[in-house]
Amino acid sequence: MSQRNFCRTSCIYNIPIFEQAVIALSQDSTYNQLQGSHILYRLILEIIALKWPAIHPDSRPQLLNPVINYMTAHLDEDLSIDFLASLINVSPSYLCRQFKKDYQISPIKYLIKLRMFKAQELITAYPHMTIKEISYLCGYKDSSYFCAEFKRCFRITPTQYKEEFLSQPY
């Protein structure tokens with residue numbers, strides 16, 4: 001192993017959040033594995049956010065910031081591509097192309113992922129809430145559709161996720 005690779009590896013392992021993710025991923029519990037996955041995903045997003053200006057010095061990612069900020073703040077609302085495009089005065093097709101180009105995902109899929117991570121946070125923070133209440137807070141009026149999206153995203157139903165969380169000793 002070269003000195004350069006060793007430094008990268010050892011520096012990464014000194015990050016406490018990374019250690020948390022590794023520990024969670026090594027557990028047998030589905031809940032812990034999902035938590036580890038979630039931690040790693042957030043870490044990757046933070047790294048990308050830090051490195052983005054160095055990779056793309058132009059202003060395109062900043063063009064989409066109002067859309068991303070609005071989506072994050074209004075997860076519980078019905079959001080259309082037309083409306084999101086109007087936030088930055090572009091056409092819906094241009095918004096979709098820019099989103100795909102800058103984030104390699106469509107705006108709607110990005111919104112779904114935001115909603116699913118919000119649901120995951122709500123389930124763990126407020127275990128007394130029903131799945132129907134959580135689905136409504138995440139912008140889903142139909143809890144069956146919400147459950148299907150949650151399972152598609154995390155490969156476990158929200159109820160199973162909640163049961164896993166509640167069965168944890170801490």
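My entries follow, starting with the ground rules.

**Ground rules.** I'm working from a predicted model, where local features need pLDDT of at least 70, side-chain atom pairs count only at pLDDT 80 or more, and totals for chains, interfaces and linings use all residues. Residues are numbered from 1 along each chain as its sequence is written, and side-chain values use heavy atoms, with hydrogens and water left out.

**Leu34.** I looked up where Leu34 sits: it is in helix α3, residues 30–55. Helices here are DSSP runs of H or I with at least four residues (strands are E, at least two), numbered from the N terminus. Leu34 has 11% relative accessibility, so I log it as buried. Buried means under 20% relative accessible area, exposed means over 50%, and partly exposed is in between, with a 1.4 Å probe and protein chains only. Setting aside neighbours within four places in sequence, I find Leu34 in contact with Gln120, Phe154, Ile156 and Tyr161; contact means heavy atoms within 4.5 Å. Ile156 is 122 residues from Leu34 in sequence, yet their C-alpha atoms are 9.4 Å apart.

**Helix α6.** Next I checked the length of α6, residues 92–103. Its 12 residues should span 16 Å at 1.5 Å a residue, and the end C-alpha atoms are 16 Å apart, so the two agree. The expected span is 1.5 Å times one less than the number of residues. I have Leu95, Gln98, Phe99 and Asp102 down as buried in α6. They cover an arc of only 100 degrees around the axis, so they lie on the same side of α6; the arc is taken from the directions from the helix axis to the C-beta atoms. After α6 comes Gln104, with a positive phi near 60 degrees.

**Cores.** Which residues have the most contacts inside the largest nonpolar core? I get Ile134, Phe146, Phe150 and Phe154, in a core of 16 residues. A nonpolar core is a set of buried Ala, Val, Leu, Ile, Met, Phe, Trp, Tyr and Cys residues joined through side-chain atoms within 4.5 Å. The elements giving two or more residues to this core are α7 (107–125), α8 and α9 (143–154). The largest share, five residues, comes from α7. A second, separate core has 15 residues, including Leu64, Val67, Leu84 and Leu111.

**Phe146 and Ser135.** Beyond four places in sequence, Phe146 touches Met116, Ala119, Ile131, Ile134, Ser135, Tyr140 and Pro158. I followed up on Ser135, which lies in α8, residues 131–137. Ser135 is buried, at 1% relative accessible area.
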